[in-house]
Amino acid sequence: MDANLRKHFDQAVSHDPGADPGEMAHAAIALGGRVRRRRRQTTAAGVTAGVVALALGVVAGVNFESRSPNPPVTVTLSMMLAAAPSCSAEPVDSDATDVVIVLDDDRQRPALEAALDDDARVGTVHFESREQAYQRFRQRWANSPHSVASAGPKALSESFRLRLVDASQYAAFRAQYAAMTGVARIDGRKCATSAPVGGVQ
């Protein structure tokens, strides 16, 4: 026992005539040993429980991963809208000659089609169905058979591809149609007159 601690202990028990300091010291040491053993057992039990929980979590994660079905393939717009060689590689914010309007709600197609047919700014317009978009996708990604096999027409969007009469009207045209219900995205590109309508391949 530490000398300082022993001194304090002796002072504390010196006023108790019925207590034998030696016996009390042994009792205190024994009690301290039991407390330390209990702490070690509790810590060991906690560590064991933690290891078991971690192992169960890893196993559950592996089982969950192995049971989950393959996620559906989503064809991104970048896979759909590759610029034609004679067009700007990236969409532009102004002076676009060609435009692609991608739909996110097929039910809005008739209203959008009527608006485009009546719009004097539109020179030429073509509608592309999901099936047509899928055929184009299959041709473009023929070297990636897994992507083609995992996707289907439902993974693609319907779109309108058009050429404007005057490229300077693109900014106003885009602002108007972007606000319409059913429009997911509008991309405009600067293209040569020989480019496919819409500026994408």
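Rings of Phe, Tyr and Trp (its six-membered ring) pair if their centres lie within 6.5 Å; planes under 30 degrees apart count as stacked, over 60 as edge-to-face and the rest as tilted. By this rule there are three aromatic pairs. The model is predicted, so local features need pLDDT of at least 70 and side-chain atom pairs pLDDT 80 or more, while totals for chains, interfaces and linings use all residues. Residues are numbered from 1 along each chain as its sequence is written, and side-chain values use heavy atoms, without hydrogens and water.

One of the pairs is F127 with F160, tilted at 55° between the planes and 5.2 Å centre to centre. F127 belongs to strand β2 (residues 122-128) and F160 to strand β3 (residues 159-164), so the pair ties together parts 33 residues apart in sequence. Strands (E, at least two residues) and helices (H or I, at least four) are DSSP runs, numbered from the N terminus. F160 is buried at 2% relative accessibility, whereas F127 is partly exposed at 26%. Buried means under 20% relative accessible area, exposed over 50%, partly exposed in between (1.4 Å probe, protein chains only).

The rings of F173 and Y177 also form a tilted pair, with centres 4.4 Å apart and planes at 35°. Both residues lie in helix α7 (residues 170-178), four residues apart, about one turn of the helix, and both F173 and Y177 are buried.

Over the whole protein chain, seven helices and four strands are found, in the order α-α-α-β-α-β-α-α-β-α-β from the N terminus. Of its 201 residues, 30% count as buried.
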